[in-house]
Amino acid sequence: MVSRPARLTPPVECVRLFDAASGLDGVIAIHSTALGPGAGGCRLWSYDDMDAALADALRLAEGMSYKNALAGLPFGGAKAVLRRPAGDFDRAALFRAFGEVVERLGGLYVTAEDVGTSVDDMHEVARVSRHVAGLHAKDGRAGGDPSPWTALGVFEAMRAAARFALGSELEGLTVAVQGTGNVGADLCRRLAGAGAKLVIADPNPDRRDRLAHVHDARVVGVDEIALADADIFAPCALGGALDRDTVKRMKARLVCGAANNQLATPDVAALLLDRGIAYAPDYVVNAGGIINVSAEYLGEDEASVAARVAGIAPRVADILRVAREEERSPAAVADEMAEAVIAGAQRAVAA
Ligand code: NAD
């Protein structure tokens, strides 16, 4: 897990989750409700102790506040972190116990799936709580797998960022895609359709080799992808892809991908700037998923998801423009914009 210092520090509300019968053990962290209910997924992970789970929940909840604010969503930031019980456990009972707490919060927190949790888990939550999204889509309403929306947002953001930072359309550019999972694979399909050349890496050969075959992509090792001979690097696997050593040796001139928390440490943002590598901030680029989840919760249709996802690319272009004009890191510019949105809502609530 990658750490980053707290930036905006409103009082954070934490709800301790514990139920011996089901094995529920964790925390809901609600970072900000200035813009609306705290929204963010529920992570199930093996943490060494409660302190580690709490630290992760706080960091992730803060990230959701920034992401939701800049995506223009009527939601604050929150996250649930559950400690995975040792050995066999009754998954349905665990998520129902979690859902009962979510319901008692009365809409202060809205949950969805995240790392380690699934659509089925959220359907268990939905048996006892209304404050859940990430369920199967129905009747033309928003819902279902958010990955295609995330991939669309990344693709359009990359197109806008390439025009701005590289002065080029995607056609003919080489994109190194790290991770060919749900988002990475869909991104590769879109990039190939736009005439980009692909270099890909994934430790799991299934989708990687099929993509390589269909799109004539070059496969490299997972240790080589960030340093590949490419114009654009698209981290679509785990967090922390951009550490100091990697950035010092990168050939790509633009980073734009789906992974959360791409900067291994905050100082990497300055190093990218020094090296003249444009960085499209991760949480702005990958907001398509939460946009879909929030539309589902609000009962909106797919057209409103499409409209909000279409806002990602111009926002990224705007951030890159301001960063260039002010000779600052795009990461800092994005944070400042998100903080202004949250602070404006806090003032409106206080008035
Ligand atoms: P996924 O689990 O479907 O895919 C991740 C892929 O990365 C897997 O195929 C995995 O084998 C591969 N991988 C793991 N380690 C790797 C390495 N060192 N090098 C190359 N590949 C590696 O996940 P996803 O849903 O495609 O999400 C990808 C990233 O985007 C994650 O960081 C996720 O948090 C973030 N994200 C996803 C969404 C969404 O809607 N799915 C939304 C926002 C952010």
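1. A polar contact here is a pair of N or O atoms within 3.5 Å; within protein, one must be able to donate a hydrogen and the other to accept it, and residues adjacent in sequence count only if both atoms are side-chain atoms. With that in hand, a backbone N or O atom of Ala237 sits 2.6 Å from an oxygen atom of the ligand. Asp202 uses its side chain instead: one of its N or O atoms is 2.6 Å from a ligand oxygen. For Ala258, a polar backbone atom is 3.2 Å from an oxygen atom of the ligand. The protein covers 72% of the 830 Å² of accessible area that the ligand has on its own (Shrake-Rupley method, 1.4 Å probe; for residues, only the protein chains shown count as cover).

2. Housekeeping: this is a predicted model, where local features need pLDDT of at least 70 and side-chain atom pairs count only at pLDDT 80 or more, while totals for chains, interfaces and linings use all residues. Residues are numbered from 1 along each chain as its sequence is written, and side-chain values use heavy atoms, with hydrogens and water left out.

3. On the shell: 20 residues surround the ligand, and the closest are Thr150, Asn182, Val183, Asp202 and Ala237 (a residue is near if one of its heavy atoms lies within 4 Å). By class, that shell has ten nonpolar, nine polar and one charged residues (Ala, Val, Leu, Ile, Met, Phe, Trp, Tyr, Cys and Pro are nonpolar, Asp, Glu, Lys and Arg charged, and the others, Gly among them, polar).

4. Now α4, with its 20 residues: the span from first C-alpha to last is 27 Å, close to the 28 Å expected at 1.5 Å a residue (1.5 Å times one less than the number of residues). Helices are DSSP runs of H or I with at least four residues, strands are E runs of at least two, and both are numbered from the N terminus. Just after α4, Gly167 takes a positive phi of about 60°.

5. Leu187 is in helix α5 and, at 0% relative accessibility, counts as buried (under 20% relative accessible area; exposed is over 50%, partly exposed in between; 1.4 Å probe, protein chains only). Leu187 and Ala258 are 71 residues apart in sequence, with 9.2 Å between their C-alphas.

6. There are two aromatic pairs in the structure (ring centres of Phe, Tyr and Trp, its six-membered ring, within 6.5 Å; planes under 30 degrees apart are stacked, over 60 edge-to-face, the rest tilted). Tyr66 and Tyr283 have ring centres 6.1 Å apart and planes at 80°, so this pair is edge-to-face.
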